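Colleague: I have not looked at this one before. Can you put it up and take me through a few spots?

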Amino acid sequence: MSTFSGLNTAMSGLNAARLAMETAGNNLANVGTAGYTRQRADFVSAGSVASTGMLASRPGVGQGVVLTGIARLADAHLDARVRGTVALAAQSDTRAEGLTNLEGILREPGENGLSSLLNDFWAGWEDVANQPGESSPAAVLLERAKAVVNRIDQSHTEVTDQWSAQRQSLDTMVNDVNSAANTVAGLNAQIRSAVAAGGAPNALLDQRAVLTQTISELSGATVRELPDGTVDVLIDGNALVTGSTVRPLEVTGSATFDGGTARALQWTHRPGQPVALQAGRIAGTVSLLAPADDAGTGGPLAEAAKSLDVIAEKLATTVNAAQANGKTVDGTPGPPFFGITDSNNPARSLRVLATGAKDLATAGTNGGALDGSNATEMSKLGGSPDGPDALWANMVIKIGTATKSEAQQAVSTAVAAAGAVNAQQSVSAVSIDEENVALIANQHAFQGAARVMTAIDEMLDTLINRTGLVGR
């Protein structure tokens, strides 16, 4: 081995320590960067020069250290776990938020809830029964009836408005998925080129990991890594992204509420073929937008709108039938109290037709002008087991139960997602203390290599410049 090889060895140590410090510095600089994965400089020792033949010298020491690459400290298994748990948590969170907003529309329990307004309405009939033909109790009754009508109308409007907001959110999320997929495809192409050239595209890998997690959170997509450095992003077993190719998604169904048309996703290049989502915010939103069905198991928003229509129809038919069974103070059969102007939209078109005491059928069929028996019977309609009050109570209980269940599910999936993220961060996140230790250790290594170089330099100076000067 050459005498000068010691300088080479010391130089490799200097370079190795410098690169390790630069890597630690880069980690510290990105401690707050979202999606950054910790990096590490990997080295191997350089073996001694082989020596063969009759004049071969004894085995020598190694030739220092060689950089093998800058490793990105990510765990594929933990990354996949994060994507899966985050997708489930996002789905539950979306449904829980939607149901909580729906529950808020009911305003139950409270004085502004429909149950309280219905109670006041039925109590108004009792007051009318005590004073048949009087304008004051009749006017109070009519105002209470209008309050019930307005509450049903407003509740239906708020439900459909929430549906429209969820539908708009669905379009936005699908556009976000398509946009992220296009970016992932572009990064795939860059990463493939860098890997083929022998590079380490760690920054590009970090960017792609953030985007694939976003896609998974929205759509529940899975990721498959390929040997050339690219990834396939799969939804329902079909490729959203493969290499640098993207197959975008689109939303089917009308953008306006009709209560009966399903909203779903399909592939743009294969119209009519739906995309089945098992997790993600889009899946949660699609379930909220699902149409109502005969079994009452459809989407919560459409089911709520349908229930309000049924309540409006039941209220009108129940009160109108009771009106028809009685007589007004003038002795004429009771006219309809409520009217529905649009049979396809009862909750929005329910109206109070009665205008005063003369339109109220307070008397029974055999009673006189001051008989209030029919009004008394009408005041008891609120206790009917299949009346509008019971229908409203069933609707409130159903929505409240679903909201509580989904909220509990959201909490449990959020805990699972947080655990997965913490496990991932324990491997890939930057630790300031650890990087500071690495800086100090490599600083000492740099100083040691520099001292070796100085010692060899002094030795060579003695050999070259001072040999033969002894004794002079």
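Colleague: Which residues make the nonpolar surface patch of about 410 Å²?

Modeller: Phe4, Met459, Leu463 and Ile464 make that patch. Keep in mind that this is a predicted model.

Colleague: Where does Leu463 lie?

Modeller: In helix H11, which covers residues 432-465.

Colleague: And why does Leu463 count as partly exposed?

Modeller: Its relative accessible area is 46%, and partly exposed covers the range between buried, under 20%, and exposed, over 50%.

Colleague: Switching to charges. How many salt bridges does a search of the whole structure find?

Modeller: The search finds 16. One of the salt bridges is formed by Arg18 with Glu22, where the closest N and O atoms are 3.1 Å apart.

Colleague: Where do Arg18 and Glu22 lie?

Modeller: Both lie in helix H1, residues 5-29. They are four residues apart, about one turn of the helix. Arg18 is partly exposed at 35% relative accessible area, and Glu22 is partly exposed at 44%.

Colleague: What does Arg95 form a salt bridge with?

Modeller: With Glu406, and the closest N and O atoms are 3.1 Å apart. This pair links distant parts of the chain, with Arg95 in helix H2 (residues 76-106) and Glu406 in helix H10 (residues 388-428), 311 residues apart.

Colleague: Are Arg95 and Glu406 buried or exposed?

Modeller: Arg95 is buried, and so is Glu406.

Colleague: What about Glu158, which residue is its salt-bridge partner?

Modeller: Arg107, with the closest N and O atoms 2.9 Å apart. Distant parts of the chain are linked here too: Glu158 is in helix H4 (residues 135-196), while Arg107 is in the loop between H2 and helix H3 (114-130), 51 residues apart. Arg107 counts as partly exposed, at 28% relative accessibility.

Colleague: Now the helices. How do H2 and H5 cross?

Modeller: The axes of H2 and helix H5 (residues 202-219) come within 7 Å and cross at roughly 35 degrees.

Colleague: Is that crossing of H2 and H5 left-handed or right-handed?

Modeller: The crossing of H2 and H5 is right-handed.

Colleague: Which residues make the contact?

Modeller: On the H2 side, Val82, Arg83, Val86, Ala87 and Ala90. On the H5 side, Thr212, Gln213, Ser216 and Glu217. Glu217 also belongs to the salt-bridge network with Asp93 and Arg281.

Note on methods:
Residues numbered from 1 in each chain as written. Predicted model: local features only at pLDDT ≥ 70, side-chain atom pairs only at ≥ 80, totals over all residues. Heavy atoms only, no water. Patch = residues over 30% accessible without salt bridge, like charges linked within 9 Å, V, L, I, M, F, W, Y side chains within 5 Å. Areas by Shrake-Rupley, 256 points an atom, 1.4 Å probe, with all protein chains shown as cover. Salt bridge = Lys/Arg side-chain N within 4 Å of Asp/Glu carboxyl O. Helix = DSSP H or I, 4+ residues; strand = E, 2+ residues; numbered from the N terminus. Buried < 20%, exposed > 50% of the residue type's maximum accessible area, 1.4 Å probe, protein only. Axes fitted to C-alpha atoms, helices over the stretch in contact; angles between N-to-C directions. Left-handed = near helix turned anticlockwise from the far one by under 90°. Contact = heavy atoms within 4.5 Å.
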